[in-house]
Amino acid sequence: MGAGLEGGVSDYMAANLSIALASGDGIGPEIMHATLDLFKAAGVNEAGVDFVPVEMGATVFAQGNSRGMTDDAIKTVENCGILFKGPMETPKGGGGKSINVTARKLWNAYANFRVFKTLPGVETLYSKAGLHIDMSIVRENLEDTYGGVEHRLSNDVIQCKRLISAPGSDDVHRFALQTARKLGLKKVYCGHKANIMKMTDGLFLDRFKAVAKDFPEVETGDVIIDALCMNLVVRPHTYQMIVLPNLQGDIVSDLCAGLVGGLGFAPSANIGRHIAIFEAVHGTAPDIAGKGVANPTSLILSGLMMLRHIQLFRHAALIENALLATLESGIHTGDFGRKDKPPVGTREFTQAIKDRLGQKPTTVAAVPVPDASTPLLERAPRPQGQQTIRTFKNVVTQVVGCDVYLDTPLSPAAVAEEMQRVAQDTPFRLTLISNRGTQVWPTGSVYTECVDYYRIRFELREGVAPGSIGQSRTVALMDRVAEKFVVCSYELLRTFDGVKGFSLAQGQ
Ligand code: NAD
């Protein structure tokens, strides 16, 4: 056993393998207690796994800590490399942010891995139709609009920056393909909207194809997100794994949870290079907290992902078979199951699983149980400082212009006149004005309605060689614009190895 928290976190030493444990709020403690009780009965603690409690959640927020986790909790998670957590309340209002999002970002848990399987005793439209679903979603967990980089740009316009990086995409694709290889999956799809967001989703897709070259045994394909959603509803059993950018992955993974019976049956893991977080994806269920009726299945399933992460394959298989046998028998908590069979509470449900340890389900395939397993966590060495991750190096870039964004209620023609005047006697000429992404100058339609926020594009005049001027000339140009207009933002236009690093406007 580890020394726990009493001896101070920094001198905390584990005898074997330690997992930081945050039970959570609301029903969290009830379902966590049930899960740990089950794990103990299956021999997880005897195998050398030690759970170290950490302080996170509502009580920490209540002390005025806006991160919702103590410094000691952070150190313990970093020492252990794994956090097993119950659902946690996100404070309404005030400065408190979602702990789930904070934890993923703080510890760089870049891949969200969620598994969706048809379970016996959990009736859905698909199970009734005899369709067996067994698929997973790997969602990029850190980037996209979830960077939360938002600004009010004018009276009427607010922006959220959508950031997709090559190394961030590489990490998530590599995790997905490595997992597919380990699980022996035949095909992995990349879902995207690269037909519209040609640069951001285009990069996500390009990196998928590039990383896939290292996994020739896994077949790959790509699918546009809207078609994917329809396919998932019409024929979900035809997918095995889909990798998606953050926001699309967030939405599609809840859709998939719906296919197999809801969030209560969809476990979740957040995996990074150094730290992994395993959690139930449902919330704290305040309406039933403390009543002893919560369903622990989602947390148990997330715990099984964790046991497999530390290579306790035998223990995971024993517990999963017992859980399947229990569900198959029709025993259920109040939130699911047959109406003609009365529900049981959390404790009875867990006891039923414990009673079935060693048994196998009969109506669905049992999980093969290996002979023995010993906990093992392979960890990358602790980083010495914050790392910069990179994919492309030695790229030749050249400045070719700038986009200047204005807060103005003027008409496109009036804005154009002013901007042409500003560009006189500079190396730049006005080439485009767009509004909400649609070109409104030099050509446009009277039917295009404009808001008070314009993109003004200046590009090098003919005869001015790319590379002959630096960024400072574009800043000087912006300075001239700012003499008369409010410049809300500015983007440098560059080529990267000769390829334009910016999109065209709709209609250009
Ligand atoms: P919720 O998931 O807590 O509850 C929605 C409904 O599902 C409720 O009727 C609830 O009783 C039921 N339910 C959820 N889990 C259940 C379980 N294990 N067994 C039986 N029934 C269950 O969603 P909410 O009400 O929107 O959120 C409540 C709180 O949880 C909020 O503070 C929210 O911020 C937080 N939350 C946390 C997480 C997380 O920590 N991963 C996720 C979502 C919401």
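Figure 1. The model is predicted, with local features requiring pLDDT of at least 70 and side-chain atom pairs pLDDT 80 or more, whereas totals for chains, interfaces and linings use all residues. Residues are numbered from 1 along each chain as its sequence is written, and side-chain values use heavy atoms, without hydrogens and water.

**Figure 2. Secondary structure and contacts of the protein.** The protein contains 14 helices (DSSP runs of H or I, at least four residues) and 18 strands (E, at least two). Its C-alpha atoms fill a box of roughly 85 × 55 × 45 Å along the principal axes. Of the contacts (heavy atoms within 4.5 Å) between residues at least 6 apart in sequence, 76% join residues at least 24 apart.

**Figure 3. Residues around the ligand.** The ligand is surrounded by 19 residues (a heavy atom within 4 Å), of which M88, G283, A285, D287 and N295 are the closest. This shell comprises nine nonpolar, six polar and four charged residues, with Gly counted as polar.

Figure 4. Polar contacts are pairs of N or O atoms within 3.5 Å. A polar backbone atom of G283 is 2.7 Å from an oxygen atom of the ligand. For a backbone N or O atom of M88, the distance to a ligand oxygen atom is 2.8 Å; for one of T284, that distance is 3.0 Å. The protein covers 65% of the 800 Å² of accessible area that the ligand has on its own.

Terms used: Polar contact = N/O pair within 3.5 Å; in protein donor to acceptor, adjacent residues only side chain to side chain. Areas by Shrake-Rupley, 256 points an atom, 1.4 Å probe, with all protein chains shown as cover.
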